[in-house]
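I opened my notebook on this one with a friendly plan: start with the fold, then go residue by residue. The entries below are in the order I looked things up.

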Amino acid sequence: MHAEKHTTTAPTVPTAASHVRSTAIGSIQGLSAQAAGLVLGFVASAFLTRSLGPERYGLYSIATTVVLWLNVSIGMGLGRTTVAFVAQDADWRATSSTMLRVELAANLVAAALLFASAPLLAAWLHAPELTLYLRLFALGRPVSGLSGVHSSTLVGRGRFGPWALLTVVYWAARLVLAVLLVGLGLSVEGAILATLGASLVQVLGARLFVQPSWGKRAAFPLRRVASYALPLMVHGLGMRLFGYLDIPVLQALGGDPALAGYYSAAQSLSIVPFEMLGQAFSPPLCATLARLVGQGQSGQARDVVSGAMRWLSWMLPFGGVAMGMAHEVVHWVYGASYLPAARLLGLLFFAGWAWMTIWLSCAMLTAVGKPGWTPVLTTPLPLVVLMGHWLLIPRLGATGAALSTLATALLGVLAALWAMYRTWSILPPVASILRGTIVGALAYAVGSAFPTAGWAVPLKLAVLAGAVVVGLALIGEISSQDMILLRSLLPAGGHGALREEA
């Protein structure tokens, strides 16, 4: 043992496999947290839908959608910039402190704009109640900014474990506060205050792991921040408008909050899970690629990108499960009054998959120093989807909104894949997509042939999801190398990779 203290070990150079494993570990930690958050979010959604009813839940969804436009725009621009800078800069504390001031200033401006424009937005959406709801959300913007910069700093340092833990803390706090405040009779206001309170709890928890200082300044100029953040803000706003423009447009054209409530319920079961998956995968993926590119290891970076493309193709077969069990799942989660949402579930599932593909593609482009490409890919999407909504919603209602969203999302995927090919010379795995389509079709046939009710619904859902994974393995989609990687992530084989740097 004494000899070991004096033994000098040469530093090892990380291999491509170790970087893929590092990305996978971070993604799995994030995915585990998002899965827990997804369950907690579903419970909160089920509670709110039943407590508020379709009309008030629709108003809450409209207000949440408007605020999420700001969340994603600012969070995308400054959050990914913080991740990239912290991962690349030697003095990460100074970098994080600088980004703390930038993000707080941006959120104060956003809060002022939202507070002032709330009456105009409420009048456009034919819902006077939205003025109060939007202004409540505006008061929470500074806290959201503090939460974002702390989380991004943890991701940039590769501390995916604490980042994942804080994600679970946020969703658990949001659920507890929603049950408490709405249960006390605060209705929509209580649901909003629960969201703001959960962000505050997340900030306080994050301070246990990382403490950006107000006084420490980074050596880089603010124009460096602008060169990264502004294109990403435009990209984030484009993605949010594209993915969630349908609810306000439904309200503006139809004037029925219940219709927005049905649509929001379907989104919670389809697009929102993919959004959470994207939030789980993109931070470790972006941080890993940024480090590899900064070290000049382009070949290893390309291996990581290729693996990410394959993982995306594995998601498609689960669309068959969603379509086959749509009525059962909606009835079990929300109740019979929300059954109109079932016919939207399948369409929005594939729109959600396309949304996540665009999201991750833009994250990979940002990591290699091409943030300017992201607004080029995503800025046209809101205009295209708005045209589709304008044409289809008056004729087909909520189904028209879902069709417009799906068609626009698929166009966005084609553009994103073209950009990825130009950057990495990597094409999507067509064979994997075809094999996944076969498995998904079988899952749909089985899911629709044997209807269930009550607590048999989650059991059937779990069985079909497991059958999809087994089916992919049987037809050779999940290879032996994938299994080796998965085994290496277990504590017995990969415990060393789970240790975080001090």
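Before anything else, I settled what a helix is here: helices are DSSP runs of H or I with at least four residues, numbered from the N terminus. I also noted that this is a predicted model.

**Entry 1: the whole chain**

I began with secondary structure and found 21 helices and 0 strands in the protein chain. Next I looked up burial: of the 502 residues, 55% are buried. The accessible surface came out at about 21100 Å², and carbon and sulfur atoms account for 70% of that surface. I then checked how far contacts reach along the sequence. Counting contacts between residues at least 6 apart, 84% join residues at least 24 apart.

**Entry 2: a salt bridge**

How many salt bridges does the structure hold? I found 1. Its partners are Lys460 and Glu328, whose side chains meet at 3.2 Å, N to O. Lys460 belongs to helix α19 (residues 456-474) and Glu328 to helix α13 (residues 326-334), so the pair ties together parts that are 132 residues apart in sequence. Are Lys460 and Glu328 buried or exposed? I looked up both, and both are buried.

**Entry 3: aromatic pairs**

I moved on to the rings and found 9 aromatic pairs. I picked Tyr262 with Tyr338: the ring centres are 6.0 Å apart and the planes stand at 90°, so I logged the pair as edge-to-face. Tyr262 sits in helix α9 (residues 257-269), while Tyr338 is in the loop between α13 and α14 (342-367), so this pair ties together parts that are 76 residues apart in sequence. Tyr338 has a relative accessible area of 1%, so I put it down as buried.

**Entry 4: Arg135 and helix α4**

Which ring does Arg135 lie over? I found it over the face of Phe115, at 4.4 Å from the ring centre. I then turned to helix α4 (residues 130-139), which is mostly covered, with 7 of its 10 residues buried. I wrote down the buried ones: Leu130, Thr131, Tyr133, Leu134, Leu136, Phe137 and Ala138.

**Entry 5: two positive phi values**

I wanted context for this step, so I noted that most residues other than glycine have a negative phi. His126 is not a glycine, yet its phi is positive, at about 55°. I placed His126 in the loop between α3 (92-124) and α4. Its relative accessibility is 53%, so it counts as exposed.

Ser187 was my second case: its phi is near 55°, again positive in a residue other than glycine. This residue lies in helix α6. With 15% relative accessibility, Ser187 counts as buried.

While looking at helix α6 (residues 160-206), I stopped at Leu186, which lies in it. Leu186 has a relative accessible area of 36%, so I marked it partly exposed.

**Entry 6: a glycine in helix α12**

My last stop was Gly320, in helix α12 (residues 318-324). At 5% relative accessibility, it counts as buried. I asked what Gly320 is in contact with, leaving aside its neighbours within four places in sequence. The list I got was Gly440, Ala443 and Tyr444. I also looked up Gly447: Gly320 and Gly447 are 127 residues apart in sequence, and their C-alpha atoms are 8.0 Å apart in space.

Note on methods. Residues numbered from 1 in each chain as written. Predicted model: local features only at pLDDT ≥ 70, side-chain atom pairs only at ≥ 80, totals over all residues. Heavy atoms only, no water. Salt bridge = Lys/Arg side-chain N within 4 Å of Asp/Glu carboxyl O. Buried < 20%, exposed > 50% of the residue type's maximum accessible area, 1.4 Å probe, protein only. Phe/Tyr/Trp six-rings, centres within 6.5 Å; stacked < 30°, edge-to-face > 60°. Lys NZ or Arg CZ within 6 Å of the ring centre and 35° of its normal. Contact = heavy atoms within 4.5 Å. Areas by Shrake-Rupley, 256 points an atom, 1.4 Å probe, with all protein chains shown as cover.
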